[in-house]
Amino acid sequence: MPETLQFYLFAALAIGASALVIGQRNPMHSVLLLIASFGALAGLYVLLDAPFVAVAQIIIYAGAIMVLFLFVVMLLNAPQEDAHKDPFALVRQSGLTRVGAVLALLLLLQLSWALLSVSGLAGPVDAGGDAAVVSSVPELGRVLFTDYMFAFEATSVLILVAMVGAVVLAGRRENEE
Amino acid sequence: MDGWLGFVIMSVLGVGFAAVMIGLSVLLGPRNPTPEKLAPYECGMPAVGDARERHSVRFYLVAMIFLLFDIEIAFLYPWAVALRDLGWAGFVQVLTFFCVLTVGFVYVWRKGVLDWGPVARRAGDPVQKKAA
Amino acid sequence: MELRLLVQLGIIGLAFFMLINASAVLVLAERKIMAAIQQRYGPYLVGPHGMLQPLADILKLLMKEELRPKEADKWLFTLAPVIAVTAAFTAFATVPFGAETTFFGLLDEPVKLGIADVNVGLLVVFAVTSMGVYGIVLAGWASNSKYSLLGGLRSSAQMISYELSYATALASVVLLSGSLSLREIVNAQEGYWFGFIPQWYLFLQPLGFIIYGIAGVAETNRAPFDFPEAEQELVSGYNTEYSSVRFALFPQAEYINMVTMSAVATNLYLGGWHFPFVPVEYGWIAFLAKVGFLLFAYIWIRWTVPRYRYDQLMQFGWKWLLPAAVINLLITAAVFLYFNA
């Protein structure tokens, strides 16, 4: 199969699954479709000759973050949206959703501006000189632990904050009662 | 076989195998449902309530901490592959990284997130009390 | 070129066929070994010494009625076993099982005995295995039964907890070999120390091997860590509501996962297809023997060690296994640098 065809296959899968995510009434189905979408993204990374990014995408996004989502859905036991309800009721009632709609419109405008301002999309996009170098895992390690050393160490602090935050959030209600 | 083709073939074969087996059983198996057969199993008693109830927040906490350590592991593999070039500088970096993580790990440990069952109950753990 | 592609497809087909049959063979082996441990005969009626028992089991399961609880989620209930089995098959895809071979001069250029050879193979195994958890947790959730849900929830927490330990343990081997390709890791273990000790990572990483072994048993939900289906507490856990083939696919996935875990352990710690006095051309026999031994150990452990309590399992995983794996990695890195930097 030619590479372009593979690209369009994975791209269509990713976009289709993502579109279905927001169309589901059952949050569990949304979680699954999002996993499918991440899988298609991993396929795109493989086509871009970045297998490590593809695998990291599966391990972290599809394997860890989605397990967390799944637990949150099961934990909250978010009820299924009632199919008989007026689908636009929320839009008519809440001011918050209007703000959301405006933000979404702004995002759409921004994205279309960004896409239009990129000239020469017909040709290959220039990714800079070191793109080929970074695609191998040892090179990635070398770059990550020399040039991006500070960012790497900062990540540890971020993880620490997230750990403390999760524990504090989970125990909060107990203290209030 | 080189490259990802074998990987794709294998996953297609896997899905195909499952589909064929399920299809065969649909064709071969009898179909005679009764309300009792279609009720969830609760030791022979009529089912009480819905199964999808709320669960202990502990599972959420475990998933959260797993996610954070998973990110650490994703960093660890490029480091492990490149260590012979990085030398002691790379070792010190990861040691620092682990030291910061250890602070978080000790905090989580002391807060009783890693305690389950009797140990947690003995410690008068807040998560456990909330679930009860 | 045509012949070469045909041979490669043949290898894939053979591996797939072996994996399908592995579960049948392992079910029989499990029942026979269990019977021997408990001083019984085990299955004895179907075929000579009960050898055809798995065939009878499969036929019986095919003829059974498919039941799905009324309140169950229709799609996810069927999708869950499909996910479990597909993840199990796919996880094996990047595991090589033999050296390069020309099949005794049949081919001009040697082919690699393996399904897919990618340079991040080890991480692919890791990633695809982590997808297997969805099969179990969705089975538990979709059934809408209390036992299933508890089993699914427990097992997902268990699997993610032990995934960390085994990924960290494997990082030590990656560090020593400097590669993420399973084939390169195996080839790094060729040769001998002092002329007679094979250079297997088992001897450099005994603690890592033990950690991987324990986490591997927990990851495949086998006794003494078989909490997803702890029958005394949860009837049958996540697959309580399953019947017929959709039920059979779960143990099938479990047995294939056992084979994958054993094959990865063989490649990473036991020198893969290298074995003293066995020419590399016949290395796949040594590989099969090693995998077979590890599978025997799996069954042996199951029928010898009693099940842990769930709280013990989680505390052991987080408070002992994970710190041990991290310390093992740091010590390995320090020693490695001391000799190589």
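Helices (H or I, at least four residues) and strands (E, at least two) are DSSP runs, numbered from the N terminus. The structure is a predicted model, in which local features need pLDDT of at least 70 and side-chain atom pairs count only at pLDDT 80 or more, while totals for chains, interfaces and linings use all residues. Residues are numbered from 1 along each chain as its sequence is written, and chains are lettered from A and ligands numbered from 1 in the order in which they are written.

**View 1. Chain B follows the pattern α-α-α-α along its sequence.** Chain B has four helices and zero strands. Of its 132 residues, 40% count as buried (a residue is buried if 20 or more other C-beta atoms lie within 10 Å of its own, exposed if 12 or fewer, and partly exposed in between; C-beta atoms are placed from the backbone).

**View 2. Helix α2 of chain B bends at B:Leu86.** The bend is about 125°, taken as the angle between axes fitted to the seven residues ending there and the seven starting there. The helix covers residues 57–110, and its end C-alpha atoms are only 17 Å apart, whereas a straight helix of 54 residues would span 80 Å (the expected span is 1.5 Å times one less than the number of residues). Just after α2(B), B:Gly112 takes a positive phi of about 85°.

**View 3. Helices α5 (residues 146–177) and α12 (residues 310–340) of chain C cross at roughly 15°.** Their axes come within 9 Å; axes are lines fitted to C-alpha atoms, for helices over the stretch in contact, and angles run from 0 to 180 degrees between N-to-C directions. The crossing angle therefore makes α5(C) roughly parallel to α12(C) (angles under 35 degrees count as roughly parallel, over 145 as roughly antiparallel, 65 to 115 as roughly perpendicular and the rest as oblique). By class, the contact of α5(C) with α12(C) has 18 nonpolar, eight polar and one charged residues (Ala, Val, Leu, Ile, Met, Phe, Trp, Tyr, Cys and Pro count as nonpolar, Asp, Glu, Lys and Arg as charged, and the others, Gly among them, as polar).

**View 4. A:Asp49 has a positive phi of about 65° although it is not a glycine.** A:Asp49 lies in the loop between α2 (27–47) and α3 (51–76) of chain A. With 12 other C-beta atoms within 10 Å, A:Asp49 is exposed.

**View 5. C:Gln39, a residue other than glycine, has a positive phi near 55°.** The loop between α1 (2–37) and α2 (53–62) of chain C holds C:Gln39. C:Gln39 is exposed, with 6 other C-beta atoms within 10 Å.
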